Amino acid sequence: MGHRRYIGKKIFHALLTIFFVLTFNFFLFRVMPGDPISLLARSERLTPQDIAEQKRLYGLDAPLPEQYLIYLRQTLTGHLGVSLRTGESVSATIWDRLPPTVLLVGLGTLLAAGFGVLIGIRGAWHRGSAFDNSTLLGSLVLYSVPEGWLGMLLLILFAGTLGWFPAGGYSSGTTTGFARVIDIANHLVLPLLTLTLGYIGEYVIIMRSSLLEVMNEDFLLTARAKGVPERLVRRDHAVRNAFLPTFSLLCLSFGFILGGAIVIETVFSWPGLGELTYDAINQLDYPVLQGVFLVSSIAVILANLAADLTYGYLDPRIREA
């Protein structure tokens, strides 16, 4: 398969998936649970006249096909609706909550991937050593531990018992300039540590497994036979070929950034998209839920597309499959 044909095929599949997500997102919050206003009316004292007015205001009194066309048109122009609780634009709300999530999840992903890859490489290259056995066991434990439980444990120890860090929030709100940067960094430590520990095991396991698969390949034996130093065999031949699955995972992890880390952000009251999603669930704010679901889904699709295109460039065999 030619390079252009491969790229065109992947882009077409991505657009098709986005269209499916758009359609699924529309029906998920209108058909399956019932329309949002009717559900909201169960938790508040709304008269039939109030319900009818709210449905008219949000366009839910129109036939479903007409709602769908309006939804597509608004979504394509960047309008994701209006919050049922605050009356604010969902797009603006998501945009305001995006920086804390990008800071937390983005930095946590980079740290987990960086340390995880290095640990996985060393563990695989020294398979069966004390370092390999201990890090593999630790990775499996961290991979299995619920993020919420780990976050609460760190919160109790470092914020409650030792008092080293704030118990939650984004900042104290009373600082400016460089002092505010330090303040935000101080609030960031515990949620960032939780997220990094929660993700690092996955990178260690995948990098280690990938490297073990290529360690006995013929091209490594050939490189050694030519007298290539062992460190160059590992760096330029083994790791380069074993890194592709880890690279795909890294791309997908960055795609998930726009979904936020719901549990971690909730535990530490971090004002990002994860906490926004949690609050929207509790408040039955379906336009916000619909907007976050759509944005995060498209981000994952685009990240997966970037991984596929880069993967095909790094390994031409993929394009020819």
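Me: What makes Phe 293 count as partly exposed?

Reply: This is a predicted model, and in it Phe 293 has a relative accessibility of 29%. Buried would need a value under 20% and exposed one over 50%, so Phe 293 falls in between and counts as partly exposed.

Me: Why is the pair of Phe 24 and Phe 293 called tilted?

Reply: Let's start with Phe 24, which is partly exposed at a relative accessible area of 36%. The ring centres of Phe 24 and Phe 293 are 6.2 Å apart, and the limit for a pair is 6.5 Å. Their planes meet at 50°; stacked would need under 30 degrees and edge-to-face over 60, so the pair is tilted. Phe 24 belongs to helix H1 and Phe 293 to helix H13 (residues 286–314), so this pair ties together parts 269 residues apart in sequence.

Me: How many aromatic pairs are there by this rule, and what makes the one between Phe 20 and Phe 24 stacked?

Reply: The count is nine aromatic pairs. For Phe 20 and Phe 24, the centres are 6.1 Å apart and the planes 15° apart. Stacked asks for planes under 30 degrees apart, so this pair is stacked. Both residues lie in helix H1 (residues 3–28), four residues apart, or about one turn of the helix. Ring pairs also link Phe 26, Phe 27, Tyr 68 and Tyr 71 into a cluster.

Me: Is Phe 20 buried or exposed, and how do you know?

Reply: Phe 20 has a relative accessible area of 54%. The cut-off for exposed is over 50%, so Phe 20 is exposed.

Me: What about Asn 25: buried or exposed?

Reply: Asn 25, also found in helix H1, has 0% relative accessibility. Buried means under 20%, so Asn 25 counts as buried. Leaving out residues up to four places away in sequence, Asn 25 touches Tyr 71, Gln 290, Phe 293 and Leu 294.

Me: Which residues have the most contacts inside the largest nonpolar core?

Reply: They are Leu 22, Tyr 71, Ile 94, Leu 276, Val 288 and Leu 294, in a core of 22 residues. At least two residues each come from H1, helix H4 (64–76), H5, helix H12 (273–282) and H13. H13 gives the most, with seven. Leu 276, its neighbours within four places in sequence aside, is in contact with Thr 93, Ile 94, Arg 97, Val 288 and Val 292.

Me: Why does Val 295 count as partly exposed?

Reply: Val 295, which lies in helix H13, has 22% relative accessibility. Buried requires under 20% and exposed over 50%, so Val 295 counts as partly exposed.

Me: How do you know that the span of helix H6 agrees with its number of residues?

Reply: Helix H6 covers residues 130–144, which is 15 residues, and at 1.5 Å a residue it should span 21 Å. Its end C-alpha atoms are 21 Å apart, so the two agree.

Me: What puts the buried residues of H6 on the same side?

Reply: The buried residues of H6 are Asp 132, Thr 135 and Ser 139. They cover an arc of only 75° around the axis, so they sit on the same side of H6. Ala 130, Leu 137 and Ser 144 are exposed on the other side. Helix H5 (90–125) and helix H8 (177–214) are among what covers the buried residues.

Key: Residues numbered from 1 in each chain as written. Predicted model: local features only at pLDDT ≥ 70, side-chain atom pairs only at ≥ 80, totals over all residues. Heavy atoms only, no water. Expected span 1.5 Å × (residues − 1). Buried < 20%, exposed > 50% of the residue type's maximum accessible area, 1.4 Å probe, protein only. Arc of directions from axis to C-beta. Contact = heavy atoms within 4.5 Å. Phe/Tyr/Trp six-rings, centres within 6.5 Å; stacked < 30°, edge-to-face > 60°. Core = buried A, V, L, I, M, F, W, Y, C linked by side-chain atoms within 4.5 Å.
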